[in-house]
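Welcome, and thank you for taking a look at this protein with me. Let us walk through the model together, one part at a time.

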Amino acid sequence: MDKNSEEEQSTGIIKFTPPLYKQRYEFVKDLVGKYKPKKVADLGCADCTLLWMLKFCSCVEVLAGLDICASVMKENMHRLSPLPGDYLQPSERSLTVTLHHGSVAHKDPCMLGFDLVTCIELIEHLEESELNKFPEVVFGFMSPSIVVISTPNSEFNTLLPGVTLFRHPDHKFEWNQSQFQSWALETARRYDYSVEFTGVGRPPTGMENVGFCTQIGVFARNYLETTESAQSEKPTEAVYKTVFKAVYPSLKDEKYLQNAVVSEVIFTAQIIKQSLLDCLMSEHEEYNDDPTERKSKFQPSMKRFSEDLGNRVVEKSMEPFVNGNVVYIPLTTIFSFPKVNRLCGTFEKLCKFIAGKVTLSSDGSAVVLNTEHK
């Protein structure tokens, strides 16, 4: 993706703000925000920067990267690993990130089923034989709903200091606008896609005719594959080597969901308990000003309850109450809190998740907390 060479060129006649590579990534990110793809593959992912950005998009559940250079991916793949905070507060969505070592000229079934495929500053690095196979792999085999291809616009090179032939020594070619659009339109026609052209890196005022520094084609598939046609004649042999895989903790995993429910129930119960104790303390201070008469700081309010209230069945309709040193908080009250309700979905699931994890009353209808620990 040639970050360094472009940043060096920006110190001359043309200066891109933000840097050109960031503009390309932001373009893709905006496209993800528009189309909300669940599965995204980045071909030629290099240092994984684009994948790292896309992992924060809430709609994305599967990310895959492919590159011919395994060493660059391995040096940067740690950026795609879950952080401690991801385990402390799991997301409501699932997310799996995988990196593969291989060539875009080869077909591998692990690249099937993606909604969006990005090829950012990739095709100009391909040998002619690889470029000839590339459309069939991406558009024919993978056939995602959206494909984004960016490549240098050679017409812009005259504005970049130090560029005599190509912008990067590994480039095999650089197309002008007409060449790229001709290739893209033919590819779109052959595989039944439509394509729109745009770009990033605007030219100086008065030189608009040279076009964007980076030209971009956004391809949209014109038809929807049926399950049968999508699976027909697709090779099943794996040719890519997986070098990294991370499965993020998610509330879709019952283990993490249970932990989240238990934590939220305990937190909510503590909030309710503190609110109740503060209320009782306020009543006590208002109606009993003589501290020598206090046998218990909860005694005045506890006159409302019978002595055996904590031992008998706690009715689900009852409000939270204190009996001695014990606070009883009905599960129905806790379930009424929006976050608990959203996590559990049903009252039955709430009971299932907290069973054996939270101290409950004898009939299991209320959370029991001690008043001694605020």
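Helices (H or I, at least four residues) and strands (E, at least two) are DSSP runs, numbered from the N terminus. What you see is a predicted model, in which local features need pLDDT of at least 70 and side-chain atom pairs count only at pLDDT 80 or more, while totals for chains, interfaces and linings use all residues. Residues are numbered from 1 along each chain as its sequence is written, and side-chain values use heavy atoms, with hydrogens and water left out.

Let us begin with the whole. The protein contains 13 helices and eleven strands. Of its 374 residues, 49% are buried, where buried means under 20% relative accessible area, exposed over 50%, and partly exposed in between (1.4 Å probe, protein chains only). The accessible surface comes to about 19300 Å², and carbon and sulfur atoms account for 52% of that area; the areas come from the Shrake-Rupley method with a 1.4 Å probe, and for residues only the protein chains shown count as cover.

How far can the model be trusted? The predictor's confidence in each residue is its pLDDT, from 0 to 100. The mean pLDDT is 87, and 84% of the residues reach 70 or more. Over residues 293–317 the pLDDT is below 50, though this stretch has 43 contacts in the model beyond near neighbours in sequence. Residues 226–231 also stay under 50, and here the model has one contact beyond four places in sequence. Where pLDDT is low, the predicted coordinates should not be read in detail.

Now look inside. A nonpolar core is a set of buried Ala, Val, Leu, Ile, Met, Phe, Trp, Tyr and Cys residues joined through side-chain atoms within 4.5 Å. The largest one has 42 residues, and those with the most contacts inside it are Val32, Leu54, Val60, Leu63, Leu99, Val148 and Phe156. Several elements each supply at least two residues of this core, including helix H2 (20–35), helix H3 (49–54) and strand S5 (146–152). Helix H2 gives the largest share, seven residues.

Charged side chains come next. A salt bridge is a side-chain nitrogen of Lys or Arg within 4 Å of a carboxyl oxygen of Asp or Glu, and by this rule there are nine. In one of them, Arg24 pairs with Glu121, with the closest N and O atoms 3.6 Å apart. Arg24 sits in helix H2 and Glu121 in the loop between S4 and helix H6 (128–142), 97 residues apart. Both Arg24 and Glu121 are buried.

Another salt bridge joins Arg342 to Glu92, at 3.2 Å between the closest N and O atoms. Arg342 belongs to helix H12 (residues 338–344) and Glu92 to the loop between helix H5 (84–88) and S3, so the pair ties together parts 250 residues apart in sequence. Glu92 is partly exposed, with a relative accessible area of 47%.

An α-helix has 3.6 residues a turn, so residues three or four places apart point the same way. The side chains of Glu186 and Arg189 form a salt bridge (2.6 Å, N to O). Glu186 is partly exposed at 33% relative accessible area, whereas Arg189 counts as exposed at 57%. Together with Arg190, Glu186 and Arg189 are linked in a network of salt bridges.Helix H13 (residues 347–354) has Phe347, Leu350, Phe353 and Ile354 as its buried residues. Seen down the axis of H13, these fall within an arc of 125°, so they line one face of the helix; the arc is that of the directions from the helix axis to the C-beta atoms. Glu348 and Lys352, on the other side of H13, are exposed.

Finally, visit a few backbone details. A cis peptide bond joins Thr17 and Pro18, with omega about -5°. Ala46, in the loop between strand S1 (39–43) and H3, has a positive phi near 50°.

Terms used
Contact means heavy atoms within 4.5 Å.
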